[in-house]
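Please look over the sequence and the 3D structure shown here before reading on.

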Amino acid sequence: MKNLLIISTLALGAFFFGTNNAAAQNNTATTTVNIVLNDVISIDAGSVAIGGEVAFNYVTAADYNTDTTVNVPNSLKVTSTKNFDIKVKADGANFSDGSNNIPVNVLTIKPVVGGTTTMTGTPSDVILSANDQTLIGNATLGSAVVLELDYLIPAAKSSSSDILGKPAGTYTQTV
């Protein structure tokens with residue numbers, strides 16, 4: 001009986017001390033998670049302006065006497081972590097077909113409000129020049145925000161000596 005009491009006491013003590021040891025062990029773990037941010041501004045894939053082309057075709061007399069607009073949905077898709085400006089300029093003073101020139105100021109670029117445009121900010125129509133001009137000011141940051149553009153040659157320009165009297169051909173400029 002004495003042995004049974006000693007064995008019971010030892011078993012109870014082992015259970016008690018074993019439970020305390022288990023409770024004293026660390027039963028939580030923590031991990032530090034870091035989110036490292038960098039400022040980003042990017043013209044995203046899917047922007048029509050990447051390698052795009054806008055063509056104005058003057059075939060009839062009516063073409064020269066009418067405002068001509070080429071609409072380009074999804075012209076730019078931009079991802080930016082901060083507010084930004086969209087600026088535009090020509091790579092030179094003239095559209096050229098080699099030796100013949102048309103001044104770049106015949107072209108007006110207009111941000112479209114609505115349509116595919118999701119970009120917000122202050123839009124401005126720009127008469128093209130070789131200097132940076134703000135098309136959208138203080139555009140709000142965002143992911144894959146879209147800007148739709150209208151390219152316009154007004155009749156006042158297409159029916160003027162800026163275009164009339166120029167030899168037939170394709171006049172080109174990078175914008």
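## A patch on the surface

V33, I35 and L37 together make a nonpolar surface patch of about 410 Å². Patches are built from residues with over 30% relative accessible area and no salt bridge, where like charges are joined within 9 Å and nonpolar side chains (Val, Leu, Ile, Met, Phe, Trp, Tyr) within 5 Å, and the areas come from the Shrake-Rupley method with a 1.4 Å probe, only the protein chains shown counting as cover for residues. This is a predicted model, in which local features need pLDDT of at least 70 and side-chain atom pairs count only at pLDDT 80 or more, while totals for chains, interfaces and linings use all residues. Residues are numbered from 1 along each chain as its sequence is written, and side-chain values use heavy atoms, with hydrogens and water left out.

L37 counts as exposed because its relative accessibility is 74%; exposed means over 50% relative accessible area, buried means under 20%, and partly exposed lies in between (1.4 Å probe, protein chains only).

## The overall build

The protein has three helices and ten strands, and along the sequence these follow the pattern α-β-α-β-β-β-β-β-β-β-β-β-α. Helices (H or I, at least four residues) and strands (E, at least two) are DSSP runs, numbered from the N terminus. Of the 175 residues in the protein, 27% are buried.

## An open sheet of three strands

Three strands form an open sheet in the order β3-β9-β7, with antiparallel pairing. The edges are taken by β3 (84–88) and β7 (122–123), and since each has a single partner strand, one side of each is left without a neighbour in the sheet. Two strands are said to pair if DSSP finds at least two bridges between them.

Between β3 and β9 (residues 133–139) there are four bridges. On this side of the sheet, I86 has I136 in β9 as its bridge partner, and V88 has Q133 in β9. Two bridges join β7 to β9, and here P123 stands opposite I136 in β9.

## Salt bridges

Side chains of opposite charge can pair when their charged atoms come close. A salt bridge is counted when a side-chain nitrogen of Lys or Arg lies within 4 Å of a carboxyl oxygen of Asp or Glu, and a search of the whole structure finds three of them.

| Salt bridge | N to O distance |
|---|---|
| D39 and K82 | 3.3 Å |
| K110 and D125 | 3.8 Å |
| K157 and D162 | 3.5 Å |

D39 is exposed, because its relative accessible area is 58%, whereas K82, at 47%, is partly exposed.

The side chains of K110 and D125 also meet in a salt bridge. K110 belongs to strand β6 (residues 108–111) and D125 to the loop between β7 and β8 (126–127), so this pair ties together parts that are 15 residues apart in sequence. K110 is partly exposed at 29% relative accessibility, and D125 is partly exposed with a relative accessible area of 48%.

## The segment after α3

K157, which forms a salt bridge with D162, is partly exposed at 24% relative accessibility. The backbone oxygen of K157 also lies 2.8 Å from a polar atom of the side chain of S160. S160 lies in the segment after α3 (155–158), and S160 counts as buried because its relative accessible area is 18%.

I163 is found in the segment after α3 as well, and I163 is buried, with a relative accessible area of 10%. The C-alpha atoms of I163 and N101 are separated by 8.9 Å, although these residues are 62 residues apart along the chain.

## The nonpolar core

In soluble globular proteins, nonpolar side chains tend to be buried together. A nonpolar core is a set of buried Ala, Val, Leu, Ile, Met, Phe, Trp, Tyr and Cys residues joined through side-chain atoms within 4.5 Å.

Here the largest nonpolar core has 28 residues, and those with the most contacts inside it are I86, F95, I109, M119, L128, L135 and L147. Two or more residues of this core come from each of β2, β3, β9 and β10 (142–153), and β10 gives the most, with five residues.

Key: A polar contact is a pair of N or O atoms within 3.5 Å; within protein, one must be able to donate a hydrogen and the other to accept it, and residues adjacent in sequence count only if both atoms are side-chain atoms.
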